[in-house]
Amino acid sequence: MPLHPVSRAIRPDVEATVRLILNGLDDMKAEEIVEIDLRGKSAIADVMIIATGRVARHVGAISDRIAKDLKENGHGSPRIEGAPVCDWVLIDTGDVIVHVFRPEVRAFYNLEKMWSSGRPSELLSS
């Protein structure tokens, strides 16, 4: 439980952003896609999406596609971290955070467990 619970309604444009990102991940054959609702847990974002690419090149291609889709659909240029190495690329749109991992890196950090602790029913795998 956060020290200061965050309670805000998820905006309709956030839902559209999530759908756009999930469609891009699916088109790029990302694996083990998980969506985590962060409302009430953190003020950093409303939704976190975690996905896996098979190798570093796949992670980079997925990340490039998501950034391109966001820009083409009027979301501006998201903040991107980790693109040069592509072990773990973070894409921050403000309301939605996307993590794209290589399998070994994802297993090591295990973000799903950290962010969904106490609320495992929130994990939605595709």
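Me: Which residue in the hairpin of β4 and β5 takes a positive phi?
Reply: That would be G94, with a phi near 105°; three residues lie between the two strands of this hairpin. Strands here are DSSP runs of E with at least two residues, helices are runs of H or I with at least four, and both are numbered from the N terminus.

Me: Is this an experimental or a predicted model, and how are things counted?
Reply: This is a predicted model, so local features need pLDDT of at least 70 and side-chain atom pairs count only at pLDDT 80 or more, while totals for chains, interfaces and linings use all residues. Residues are numbered from 1 along each chain as its sequence is written, and side-chain values use heavy atoms, leaving out hydrogens and water.

Me: Back to the strands, then. How many bridges join β4 to β5?
Reply: Five, and β4 runs antiparallel to β5, which covers residues 96–101. Two strands pair if DSSP finds at least two bridges between them. W88 stands opposite F101 in β5.

Me: And what about β3 and β4, how many bridges there?
Reply: Three bridges join β3 (residues 79–81) to β4 (residues 88–92), again antiparallel. R79 faces D92 in β4. These two strands form a hairpin as well, with six residues between them, and G82 in the turn has a positive phi of about 90°.

Me: What's the overall pattern along the sequence?
Reply: Reading along, you get α-β-β-α-β-β-β-α-α-β, from four helices and six strands.

Me: Changing topic: is E112 buried or exposed?
Reply: E112 is buried, because its relative accessibility is 12%. Buried means under 20% relative accessible area, exposed over 50%, and partly exposed in between, with a 1.4 Å probe and protein chains only. E112 sits in helix α4, residues 111–115.

Me: Which side chain does E112 join in a polar contact?
Reply: The side chain of R106, at 2.3 Å. A polar contact is a pair of N or O atoms within 3.5 Å; within protein, one must be able to donate a hydrogen and the other to accept it, and residues adjacent in sequence count only if both atoms are side-chain atoms.

Me: How much of the protein is buried?
Reply: Buried residues make up 40% of the 126 residues.

Me: Last one: what pLDDT does the protein average?
Reply: The average is 83, and 81% of the residues score at least 70. pLDDT is the predictor's confidence in each residue, from 0 to 100.
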